[in-house]
Amino acid sequence: MSGFDPVRIGIVSVSDRASTGVYEDKGIPALKDWLGRAVRNPIAWETRLIPDEQDGISAALRELVDVATCDLVLTTGGTGPAPRDVTPEATVAVADKLMPGFGEQMRQISLNFVPTAILSRQVAVIRGKALIINLPGQPKSIAETLEGLPQMQPPVPGIFAAVPYCVDLIGGPYIECDEAVCKAFRPRSAIRAKG
Ligand SMILES: Nc1ncnc2c1ncn2[C@@H]1O[C@H](COP(=O)(O)OP(=O)(O)OP(=O)(O)O)[C@@H](O)[C@H]1O
Ligand SMILES: Nc1nc2c(c(=O)[nH]1)N[C@H]1C(S)=C(S)[C@@H](COP(=O)(O)O)O[C@H]1N2
């Protein structure tokens, strides 16, 4: 027994071209790589590679939360202004609650990497006992937004620092991070004593 709660994580790569084989999907591997390094809990993965279709994206999110019982779902792609970029609309359509701070913080972080950061309309929402977060489609933006720039002065925290406590608050598993990758923050009263 590892002593860590098991966590079920859904990953949705939204890309017309990757889902039809025009290019290889790099979104799912990039998310698995970063999360696999950052999260110490045993992870059960649910992955989906789908085109930029609003109803299909919403259906995948509903299925991952309601049927596959994911605690956390991350999407990548389809957050921009192009006509087929509809991931934020599909995500809001399945929301019980909006969590605007995630999108605000991601755009701030991304401005340190690209001047076009504000073109991402990414959102985060709660559905049931799951947190759903949109990330941009550029595979490199995954580590950029999740990890931030902890070495910078002053440090820019990545958005994943707030994910474990958010998941606590909605009744999910106690997520623990490898501090070398991500310094998660919880108020002292919420930190679980080591068993
Ligand atoms: N799943 C993916 N795998 C590999 N590269 C990707 C992926 N998604 C996006 N990219 C890269 O990031 C760029 C910007 O992503 P964006 O989501 O805007 O793609 P897009 O232009 O809408 O095309 P598509 O939906 O066909 O991936 C793409 O042009 C592509 O180079
Ligand atoms: N961290 C980060 N954020 C980023 C980018 C990036 O390369 N890195 N690309 C930007 C660009 S160019 C666009 S158009 C928007 C939307 O991207 P998407 O449509 O691929 O989701 O994300 C923006 N946010």
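1. Helix α6 is mostly covered, with six of its eight residues buried. A residue is buried if 20 or more other C-beta atoms lie within 10 Å of its own, exposed if 12 or fewer, and partly exposed in between, with C-beta atoms placed from the backbone. The model is predicted: local features need pLDDT of at least 70, side-chain atom pairs count only at pLDDT 80 or more, and totals for chains, interfaces and linings use all residues. Residues are numbered from 1 along each chain as its sequence is written, while chains are lettered from A and ligands numbered from 1 in the order in which they are written.

2. In α6 the buried residues are Ser141, Ile142, Glu144, Thr145, Leu146 and Glu147. They pack against α2 (27-38), β3 (72-76), α5 (100-110), β6 (130-135) and β7 (148-149). Contact requires C-beta atoms, placed from the backbone, within 7 Å. Just after α6, Gly148 has a positive phi of about 70 degrees.

3. Ligand 2 is surrounded by 19 residues, the closest being Thr79, Gly80, Ser120, Gly137 and Ser141. A residue is near a molecule if its C-beta atom, placed from the backbone, lies within 6 Å of it. Helix α6 (residues 140-147) supplies the largest share of this shell, four residues. By class the shell around ligand 2 holds five nonpolar, 11 polar and three charged residues. Here Ala, Val, Leu, Ile, Met, Phe, Trp, Tyr, Cys and Pro are nonpolar, Asp, Glu, Lys and Arg charged, and the others, Gly among them, polar.

4. Around ligand 1 there are 17 residues, with Ser15, Asp16, Arg17, Lys26 and Gly137 the closest. Helix α1 (residues 16-19) gives the most to this shell, three residues. The shell around ligand 1 divides into four nonpolar, eight polar and five charged residues.

5. Val156 lies in strand β8 (residues 156-157). It counts as partly exposed because it has 17 C-beta neighbours inside 10 Å. Apart from neighbours within four places in sequence, Val156 is in contact with Ile109, Asn112, Gly148 and Leu149. The C-alpha atoms of Val156 and Thr145 are separated by 9.9 Å.

6. Overall, the protein has seven helices and eight strands, taken as DSSP runs (helices H or I, at least four residues; strands E, at least two) and numbered from the N terminus. Its radius of gyration is 16 Å, close to the 16 Å from the globule rule for 195 residues, so the protein is as compact as a globular protein of that length. That radius is taken over C-alpha atoms, and the rule is 2.2 Å times the number of residues to the power 0.38. Buried residues make up 41% of the 195.

Technical notes:
Two residues are in contact if their C-beta atoms, placed from the backbone, lie within 7 Å.
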